[in-house]
Amino acid sequence: MIQFNNVSKNYPEGNGLSEVNIKINDGEFVFLVGPSGAGKTTFIKLILRETLPDEGTIMFDDYEVNMLPNRLIPYYRRNIGIVFQDFKLLRRMTVYENVAFAMEAVHRKKKLIKRQVPHILNLVGISEKADHYPDELSGGEAQRVAIARAIVNNPKVLIADEPTGNLDPEKSWEIMNLLNQINLRGTTVVMVTHAKDIVDRMEKRVIQIEKGRVVRDDEAGLYIKKRRQNDSNLKKAVETDSFEQRVRERRYQQRLKSLKNNSFSAADDADQNNVDSGSLEVPSGNSIKHGDRKC
Ligand SMILES: Nc1ncnc2c1ncn2[C@@H]1O[C@H](COP(=O)(O)OP(=O)(O)O)[C@@H](O)[C@H]1O
Ligand SMILES: [Mg+2]
């Protein structure tokens, strides 16, 4: 998806990046680490086409990013959502408006905005703060809003530049969990961080840059195979969960319907054989067996 081929970027004071060769595949979660001044932001700016390389090429899918004409750059950037350490929310807009604005900016239809914004706010767990202003939010909440804004247009890639840099450890883990969930939904995630504990515990691919050069990339190691297996197990678990939840909901609706009709459907009888984890007391005093009600 993103490929750097022998990329160098020189600044007058010295190198931003030197001879970088990196391939980031669709759906990966990649940490970009390295000391201050290593070239991490330069790497991101090159992906965003905020700056041009002096040598080499940068590919995003089939586009050669450095060759894009200026008029196409805004369209190209719609592929990429970005989150910053300091959130960069618009202070005079509510949470809802901040996220809706990102859709308005790319001329999405009002109807779609009305449907999509609440959905995304719910996804990042910030629905109850929809009418609040950024100043009324904690750091963790503000970062959730920034993430909502970054993914609301469904970008292929989410770039997060030190997203936990201003957060305490507990909130940092909540944000990492959220980024992981977003990645499991199919979005490629590239995260710049200094947080060693997060990198170690997340067990994702790590690209380390020092003095403009890639000095470490775990892509080819055994480690990554184990990680991919973990990811695929987790993905399966999420899919199975949501499938089972849909089945439970359907059964529950069927029972409610049959309750209204004061008779039990054939489906109810069939269910008795499969699910038997609770009972729903009904006003008549009857008790209906049903699946797990916690869903
Ligand atoms: N616009 C610029 N002009 C001149 N030098 C720059 C510019 N941006 C970055 N640099 C230099 O390039 C190097 C890498 O910077 P950067 O990519 O911002 O590193 P990091 O994000 O890893 O801290 C640093 O030495 C920095 O001073
Ligand atoms: Mg930087």
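**View 1. Helix H1 gives the largest share of the shell around ligand 1, three residues.** Helices (H or I, at least four residues) and strands (E, at least two) are DSSP runs, numbered from the N terminus. The shell around ligand 1 consists of Tyr11, Glu13, Gly14, Gly16, Gly34, Ser36, Gly37, Ala38, Gly39, Lys40, Thr41 and Thr42. Two or more of these residues come from each of strand S2 (14-24) and helix H1 (40-47). A residue belongs here if its C-beta atom, placed from the backbone, lies within 6 Å of the ligand. This is a predicted model, in which local features need pLDDT of at least 70, side-chain atom pairs count only at pLDDT 80 or more, and totals for chains, interfaces and linings use all residues. Residues are numbered from 1 along each chain as its sequence is written, while chains are lettered from A and ligands numbered from 1 in the order in which they are written.

View 2. The axes of H3 (residues 95-104) and H5 (residues 139-151), lines fitted to C-alpha atoms over the stretch in contact, come within 8 Å and cross at roughly 25°, on a scale from 0 to 180 degrees between N-to-C directions. H3 is therefore roughly parallel to H5 (angle under 35 degrees). Val95, Asn98, Val99 and Ala102 of H3 meet Val145, Ala148 and Arg149 of H5, contact being C-beta atoms, placed from the backbone, within 7 Å.

**View 3. The protein chain has nine helices and 12 strands.** Of its 295 residues, 32% count as buried, with 20 or more other C-beta atoms within 10 Å of their own, C-beta atoms being placed from the backbone.

How values were computed:
Buried ≥ 20, exposed ≤ 12 C-beta atoms within 10 Å, placed from the backbone. Parallel < 35°, antiparallel > 145°, perpendicular 65-115°, else oblique. Contact = placed C-beta atoms within 7 Å.
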